[in-house]
Amino acid sequence: MSMDDLANKLSERGIPQSSRMAILSYIFDHILDKGDSENKKSVTSSNKTPSVSGTESYGNVYSALSSIGQLSPGHPLIQQIQQGTDIKDPEVATQYTQQAISVMKDHADQHPEKMHSIFQSLHLRKIGKNKDLDEDGSFLHDGYDTF
């Protein structure tokens, strides 16, 4: 399952198409940021270097999703979603986010390896492992398709 597949699952929950991918992205970023800060804390306190993949803290994606905790309009994730989408009502943003997390947890429970794969690829993209690739996956930049 890909991000697009997860977004399509959100359509069954009544979440508008214009907000689906953004909500998923903010949830993933929230978990990745939390994992990165926890990795930095453990590295600092133990003098160990972080892993290459940086995904050990996301090994159990279901737990990572559960660690978001109780959502409310004042939760930082909800505030990010409101600022980054056209959802202005904090109650609606909270409801949509809870529904998205529920869909993600269901998928993580049924297909943990696929969700871990999504997290890993997003994490690698976030830390810049693919910074030399264009959005289409090519090495060509600035619209130049020939040498």
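Student: Over which residues does the pLDDT stay under 50?

Tutor: pLDDT is the predictor's confidence in each residue, from 0 to 100. This is a predicted model, where local features need pLDDT of at least 70 and side-chain atom pairs count only at pLDDT 80 or more, while totals for chains, interfaces and linings use all residues. Residues are numbered from 1 along each chain as its sequence is written, and side-chain values use heavy atoms, without hydrogens and water. Here, pLDDT stays under 50 over residues 39–58, and the model has 23 contacts (heavy atoms within 4.5 Å) for them beyond four places in sequence. Residues 136–142 also have a pLDDT below 50, with eleven contacts in the model beyond near neighbours in sequence. Where pLDDT is low, the predicted coordinates should not be read in detail.

Student: Which element has the highest mean pLDDT?

Tutor: Among the elements of the protein chain, that is helix 4 (residues 76–84), at 95, whereas helix 2 (residues 17–46) has the lowest, 73. Helices here are DSSP runs of H or I with at least four residues, numbered from the N terminus. The protein chain averages 76, and 69% of the residues score at least 70.

Student: How do I describe two packed helices?

Tutor: Two packed helices are described by the angle between their axes and the distance between the axes. Axes are lines fitted to C-alpha atoms over the stretch in contact, and angles run from 0 to 180 degrees between N-to-C directions. The axes of helix 4 and helix 5 come within 9 Å and cross at roughly 110°, so these helices are roughly perpendicular (65 to 115 degrees).

Student: Which residues meet there?

Tutor: Leu77, Ile78, Ile81 and Gln82 of helix 4 meet Pro90, Ala93, Thr94 and Thr97 of helix 5. Gln82 is buried (under 20% relative accessible area), at 16%. Not counting residues up to four places away in sequence, Gln82 touches Ile87, Lys88, Asp89, Pro90 and Ala93.

Student: Is Thr85 buried or exposed?

Tutor: Thr85 is buried, with a relative accessible area of 9%. This residue lies in the loop between helix 4 and helix 5 (90–110). A polar atom of the Thr85 side chain lies 2.7 Å from the backbone oxygen of Ile81, and one lies 3.2 Å from the backbone nitrogen of Ile87. Leaving aside residues up to four places away in sequence, Thr85 touches Ser19 and Ala22.

How values were computed: Helix = DSSP H or I, 4+ residues; strand = E, 2+ residues; numbered from the N terminus. Buried < 20%, exposed > 50% of the residue type's maximum accessible area, 1.4 Å probe, protein only. Polar contact = N/O pair within 3.5 Å; in protein donor to acceptor, adjacent residues only side chain to side chain. Parallel < 35°, antiparallel > 145°, perpendicular 65-115°, else oblique.
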